[in-house]
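Take a first look at the model below.

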Amino acid sequence: PLQHIDEQGNKHDYSLRPMTYSVQFILLVELLERFSFYGIYYTLTLFLTGAYNEDWNANLPSVKAAAYVSTSTAIAYTTPFVGAILADSLLGDYMTMVFGSIA
């Protein structure tokens, strides 16, 4: 790493290839996000219909359970567009991130 010493004698280290670490982090986060999404997507229908346990379930018919799972999938894929509209036209980048973190 590069090293810079300022006037007060403080040492600052800089990475030679910061994009490499950023890209690896982004790919890891995307991989974990996909893993969790599809894990929940598959098991949610089985839970709602009672395939795991007859005593502990939502006791829904398979068509209604699939409708709930499809609705949650549609919401998961649509909310980034809502965030983009908020960020680009109404609130700005920073306030959209603050609002999204709190809400």
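Start with Asn59. Its relative accessibility is 63%, so Asn59 counts as exposed, the cut-off being over 50%. This is a predicted model, and that holds for every value here. Asn59 sits in the loop between helix α1, residues 18-49, and helix α2. Its backbone deserves a glance. Most residues other than glycine have a negative phi. Asn59 has a phi near 55 degrees, a positive value in a residue that is not glycine.

Now move to Leu48, a residue of helix α1. Is Leu48 buried or exposed? Its relative accessible area is 11%, and buried means under 20%, so Leu48 is buried. What does Leu48 touch, once its neighbours within four places in sequence are set aside? The list is Ala58, Asn59, Leu60, Ala65, Tyr68 and Val69.

Go on into helix α2, which covers residues 62-90. Thr71 lies in this helix. With 43% relative accessibility, Thr71 counts as partly exposed, because that value falls between the 20% and 50% limits. Its side chain reaches back to the backbone oxygen of Ala67, at 2.8 Å.

Another threonine waits in helix α3. That helix takes in residues 93-102, and Thr96 is one of them. Thr96 has a relative accessibility of 13%, so it counts as buried. Which backbone oxygen lies 2.6 Å from a polar atom of the Thr96 side chain? The oxygen belongs to Gly92. Thr96 also touches Gly83, Leu86, Ala87 and Leu91, leaving out residues up to four places away in sequence.

Step back to the whole protein chain. Its secondary structure comes to three helices and two strands. Along the sequence, they follow the pattern β-β-α-α-α. The radius of gyration of the protein chain is 22 Å, well over the 13 Å that the globule rule gives for 103 residues, so the chain is more spread out than a compact globule. The C-alpha trace spans about 70 × 35 × 20 Å along its principal axes.

How much of the protein chain counts as buried? The share is 10% of the 103 residues. Leu48 belongs to the buried residues, and Thr96 does too. Now take the contacts between residues at least 6 apart in sequence. Of these, 18% join residues at least 24 apart.

Last comes the surface. The protein chain exposes about 8700 Å². Carbon and sulfur atoms supply 67% of that area. Charged side chains complete the picture: the chain has 4 positive and 9 negative ones. The centres of the two sets lie 6 Å apart.

Key. Residues are numbered from 1 along each chain as its sequence is written. This is a predicted model: local features need pLDDT of at least 70, side-chain atom pairs count only at pLDDT 80 or more; totals for chains, interfaces and linings use all residues. Side-chain values use heavy atoms; hydrogens and water are left out. Helices (H or I, at least four residues) and strands (E, at least two) are DSSP runs, numbered from the N terminus. The radius of gyration is taken over C-alpha atoms; the globule rule is 2.2 Å times the number of residues to the power 0.38. Buried means under 20% relative accessible area, exposed over 50%, partly exposed in between (1.4 Å probe, protein chains only). Contact means heavy atoms within 4.5 Å. Accessible areas come from the Shrake-Rupley method with a 1.4 Å probe; for residues, only the protein chains shown count as cover. Lys and Arg count as positive and Asp and Glu as negative; His and the chain ends are not counted. The place of a charge is taken as NZ of Lys, CZ of Arg, CG of Asp or CD of Glu. A polar contact is a pair of N or O atoms within 3.5 Å; within protein, one must be able to donate a hydrogen and the other to accept it, and residues adjacent in sequence count only if both atoms are side-chain atoms.
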